[in-house]
Each structure stands twice: as structure tokens, then as C-alpha cells.
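This report covers a few residues and their surroundings. The sequence and the structure come first, followed by the details.

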Amino acid sequence: MLSSEPFTSGRDLALRMNAAYPHRDWVALLAERAGKSRDFVEWHLQEDMAPPEALSRAASELLDEIAASNQSELDSSHDFQKS
């Protein structure tokens, strides 16, 4: 799934964030980026409804950043292999 696809639920958002940020406290990253408390974020991650706009926007930004970082690493390794 692309980060540009809307999150269908808090659980959907959680699955995508967990896949993108393994072994990191992405809940804290998400709370900080959204300007919300950790409790607020954790509650919405458990719900089967679309997350609030602030969480969706923050998650999309974080997922876009990790995707750009991964692409940059791929480009760098490809350039290294050429030389």
C-alpha cells in the first residue's frame, strides 16, 4: 500500500507504521508529529474507524519520509554499483 492511500482504520494505520518503522517507537513519532498525546494516538490505533485528520496527515508525512529515505539509499547503492 502506498502512503497516499487513505487509512481505512486506526489498525490499518498501525500496520503500515509498524512495517515502515520496525523496532522504533513510531507511536511517539506519530504523537509528536500530530501534536497529540500518546494516549490519544494509542486509542485511535485500536479503533475500526478512520483516524482523525491530524493522525492521518502525520502518518502520511512519516511514511513519505521513510519511503524517500529508502529510495535515496537504493539510488546511492545503484550509483555505487555502477562505479
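## Residues around the H1–H2 loop

In this predicted model, the loop between helix H1 (10-20) and helix H2 (26-34) contains Tyr21. Tyr21 counts as buried because its relative accessibility is 4%, and the cut-off for buried is under 20%. Leaving aside residues up to four places away in sequence, Tyr21 touches Trp26, Leu29, Leu62 and Ile66. For one of these contact partners, Leu62, the separation from Tyr21 is 41 residues in sequence, while the C-alpha to C-alpha distance is 9.4 Å.

His23 is also placed in the loop between H1 and H2. This residue is not a glycine, yet His23 has a positive phi of about 65°. His23 counts as exposed because its relative accessibility is 86%, where exposed means over 50%.

Arg16 belongs to helix H1. With a relative accessible area of 11%, Arg16 is buried. A polar atom of the Arg16 side chain lies 3.0 Å from the backbone oxygen of Pro6.

| Residue | Relative accessibility | Class |
|---|---|---|
| Tyr21 | 4% | buried |
| His23 | 86% | exposed |
| Arg16 | 11% | buried |

Terms used. Residues numbered from 1 in each chain as written. Predicted model: local features only at pLDDT ≥ 70, side-chain atom pairs only at ≥ 80, totals over all residues. Heavy atoms only, no water. Helix = DSSP H or I, 4+ residues; strand = E, 2+ residues; numbered from the N terminus. Buried < 20%, exposed > 50% of the residue type's maximum accessible area, 1.4 Å probe, protein only. Contact = heavy atoms within 4.5 Å. Polar contact = N/O pair within 3.5 Å; in protein donor to acceptor, adjacent residues only side chain to side chain.
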